[in-house]
Structures are given as structure tokens and as C-alpha cells.
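My notes follow in the order I took them.

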Amino acid sequence: MRVACLTFWFYDYTIQMANELARHTDVLLLLPDYKSEEYLDTIDGKVKVHIFGYSGHAGRLGPSCYPMLREIVAAIDEFEPDVVHFQVNNPLLCPLLLMIRKYPLVATFHDIEPHPGEDRFLDIGSLLYRLTLLMSRVLPDRIFVHGRALKEVLIEKYRLPERKVRVIPIGEHEVTPFKKFEQEGLEPGGPRVLFFGRIHRYKGLECLIRAEPLITQEVPDVRIVIAGTGEDFGRYEEMMAGRDAFEVYNYRIPYEEGARLFQQASVVVLPYIEASQSGVIPTAYGFKKPVVVTDVGSLPEVVDDGKTGYIVPPRDPAALADAVARLLKDPAACRRMGEQGYVKLKTDMAWPTIARSLLAVYSELAPAPERGESPAGEAFAETAPIADKEQ
């Protein structure tokens, strides 16, 4: 079997997917030349790589994009794949999918809908994003999402047939670039709560800020670390009742600094008010940190409540504070839950588990193999661990 893997942005995810697939089948990885150079040394030697000329386009549709699209199509045609698997993340997919429709298409949705605050009425960028989501729902033969709740939305709201939508874990794609900078022996210097990633309204940072006085009441020496950038941070600073309890890094966090922040954290908090899935959870697990997440989207599907962390209601500062304080006041429980999260990451959420599901779907779509050949899915089934449950 031959699989072409295409992305315009999700470098870590697509590279690790391609690396695992290359253990079992032939893989072509198509990456943009825009900011991809820092990831190239993580690509397995078995993967055939094509870097296409994306720089200067930045996702803008227009006649100038046509040579780049033709370059991508030519590379795919030369490889002659049985399946093309793409990540839904760029409006350039709209014309490209029509150009490669002769191949079986598989899509991975990381977000199935725009998040609150990111969808502006009649904004051209928002309209193009919605068009990209629409075409990525309609044209592919199969769709992967990172949770059962997301699958239900596609089936119930968008009327997709159940057989078309499959569920796979989010995987440990964001862990590897951080782990390269892990420092031996670095531990929390006291109770530290970490909020990490893009700062937008749906991430619920306001709820964490309002929970701070309740957390501080139980754990007076707590430090609440906010690391990331996004919307104007001034409004959040105005909400802070106890500014001295916060440690703020309001910029795009480099991997090296991110590794330090995760290592120094006691617990990682995701107080989201809306979500699909989040790479912050597997990253926390990779550093053996427990998580506190809200019951939104598919976040609860990768957290074993009371075992790898806690699940609390959204928009509830008191419940959030209670869960965080319980962990901070019990360092042994923090360590135990963090270790159990790491085990979950390396079993239920591991790339061999994910690749098993991918190859099974590819085998459904690919032409029947020549006599004497073994489908990749069958060959993989002999060696891959069987997942205990659907993620």
C-alpha cells in the first residue's frame, strides 16, 4: 500500500503519523516550505519527502497559487498513492481536493467547527475557513476526529453517515519537540499551576483567574503560570485579584522554555468553555503531570477522572479551584496521577495504536492487493498492540 500524507500546518502531528505509517507501508510526506525546516530532522529515513513552495502564499487563494497546487498534484501523481490523507487546516484545500479527487481521500479534523470568538460574520478569512470545513466534510471518503463527541456532532448536526466518520486518539504529537529540551532533575520548586497555549475566549482563562482567590485560600504559596499569546491580555490582568500569585509569559513560547514550564508545573489546567480536543493534555502526560480539564468537547475522553486528573464543569471557578487545590495539597497524588497519565499516553494514545486504525481504514478504500501481497492492515495486525477501547 502507498499513502500520501499532506499538511499545510500540523507539522508535528503529520510527521509523527508518517513516521509510524512508514513502519508498515510506503509513505510520501508533503510539507510546505514555510517554517518546516525546524522539523525536518524528525522525519524517519523511510519516509519519502516532498517540500512544496508554499512561502509567499500564506493560505491566500488566487491565480498565483496554481503553480504550487500543480506541484503538489504532480508529486502525488508521481507517487501513485492508494490513499491521500490530509489534515484539515488551510483554504488551499478547496481547489486542491477537486484536483486530486481521483484518489481515495481521508481527512483528519482537529477542529470540526470554528471556536467562539474566531468566527467573524462576513470576514473573508472566516468564510474561507467555513468553506474549507464544508469541502473537507463532503469530498473525503473517510474522516477521522479526536473523540466520540466530535463524531456525534458530524453525524447529528452535519448529517454525515456514521460509517464515514472514525475516531482516533489525538496522539503524542506535541510531546516530542518539548521533550528534546527536558532537563534532568528539574522539579517544581513549590505548588505551580500551568495554563499553556493560545489565549482566546474559549480557553476559559477568565475562569482560572476567578478561581485564584479560592486556590490561594487553600494553598497560599501557589504560583499560577500563564504561558501563551492570543487576544489582548490587558482584560485578563484587570481581572486578577491577587496579581502577585500569577506568573505571566505573554508571548509565543519556544519549545525549550515550554519544556521548563511543564517540568516545573505541579498540575496543568485546561479551563476551556468550549473545545474539540487539545494537544496540551498529551504534552502534560508526557511530562508526567496530572491535568484538570472541563467537561467540554472530547477533552474528558482522554482524562480518567481521579486517575490521570480531574474533570470539572465549565464556567465553575469553585469546582476548578477545588480540584486544583486537592492536587496541590497532595504531592503524592500529583505524582501518581502524572505517572498514570504517562502510561495512558504510551498505550491508549500511542502512535502504534493510532496507526492500526488508520491502516484499517486505508485498506477499506485501497484497491485489492495483487495476489501474493498482504494488505498493510493485515501485516500490521500481526505486530501492533490492540487498543483496549475506542478513544
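**Entry 1: a nonpolar patch**

I started at Leu 40, which sits in the loop between β2 (26-32) and β3 (48-52). This is a predicted model, and I read it as such. I looked up the accessibility of Leu 40 and got 36%, so Leu 40 counts as partly exposed. The cut-offs matter here, because buried means under 20% and exposed means over 50%. I then asked which residues make the nonpolar surface patch of about 200 Å². They are Leu 40, Val 49 and Ile 51.

**Entry 2: helix α7**

I checked the length of α7, residues 205-218, next. The helix has 14 residues, and at 1.5 Å a residue it should span 20 Å. The end C-alpha atoms lie 20 Å apart, which agrees. I also looked for a bend. At Glu 212 the helix α7 bends by about 40 degrees. A proline, Pro 213, follows within four residues.

Which residues of α7 are buried? I noted Leu 205, Cys 207, Leu 208, Ile 209, Ala 211, Glu 212 and Ile 215. I kept the spacing rule in mind for this list. An α-helix has 3.6 residues a turn, so residues three or four places apart point the same way.

I then looked up what these buried residues of α7 pack against. Strands on the list are β8 (192-196), β9 (223-227), β10 (246-249) and β11 (267-270). Helices on the list are α8 (234-239) and α11 (317-328).

I stayed with α7 and turned to charged side chains. Side chains of opposite charge can pair when their charged atoms come close. Glu 206 and Arg 235 meet through their side chains in a salt bridge, 3.7 Å from N to O. Glu 206 belongs to helix α7 and Arg 235 to helix α8, so this pair ties together parts 29 residues apart in sequence.

**Entry 3: salt bridges elsewhere**

How many salt bridges does a search of the whole structure find? The search gives 21. I wrote down two further pairs.

Lys 102 and Asp 77 form a salt bridge through their side chains, at 3.4 Å from N to O. Lys 102 is in the loop between α3 (93-99) and β5 (105-108), and Asp 77 is in helix α2 (residues 66-79), so the pair ties together parts 25 residues apart in sequence. Lys 102 is exposed, with 62% relative accessible area. Asp 77 is partly exposed at 27%.

In the other pair, Glu 113 bridges to Lys 157, and the closest N and O atoms are 2.4 Å apart. Glu 113 is in the loop between β5 and α4 (124-138). Lys 157 is in the loop between α5 (148-156) and β7 (165-167). The pair links distant parts of the chain, 44 residues apart. Lys 157 counts as exposed at 52% relative accessibility.

**Entry 4: Arg 159**

I moved along to Arg 159, in the loop between α5 and β7. Arg 159 counts as exposed at 68% relative accessibility. I took one distance from here.

**Entry 5: positive phi**

Last, I looked at backbone angles. Glu 80 has phi near 55 degrees, a positive value in a residue other than glycine. Glu 80 is in the loop between α2 and β4 (83-87). Glu 80 counts as exposed at 56%.

Arg 315 also has a positive phi, near 60 degrees. Arg 315 is in the loop between β13 (309-312) and α11. Its relative accessible area is 62%, and Arg 315 is exposed.

Methods. Residues are numbered from 1 along each chain as its sequence is written. This is a predicted model: local features need pLDDT of at least 70, side-chain atom pairs count only at pLDDT 80 or more; totals for chains, interfaces and linings use all residues. Side-chain values use heavy atoms; hydrogens and water are left out. Helices (H or I, at least four residues) and strands (E, at least two) are DSSP runs, numbered from the N terminus. The expected span of a helix is 1.5 Å times one less than its number of residues. The bend at a residue is the angle between axes fitted to the seven residues ending there and the seven starting there. Buried means under 20% relative accessible area, exposed over 50%, partly exposed in between (1.4 Å probe, protein chains only). Contact means heavy atoms within 4.5 Å. Patches are made of residues with over 30% relative accessible area and no salt bridge: like charges are joined within 9 Å, nonpolar side chains (Val, Leu, Ile, Met, Phe, Trp, Tyr) within 5 Å. Accessible areas come from the Shrake-Rupley method with a 1.4 Å probe; for residues, only the protein chains shown count as cover. A salt bridge is a side-chain nitrogen of Lys or Arg within 4 Å of a carboxyl oxygen of Asp or Glu.
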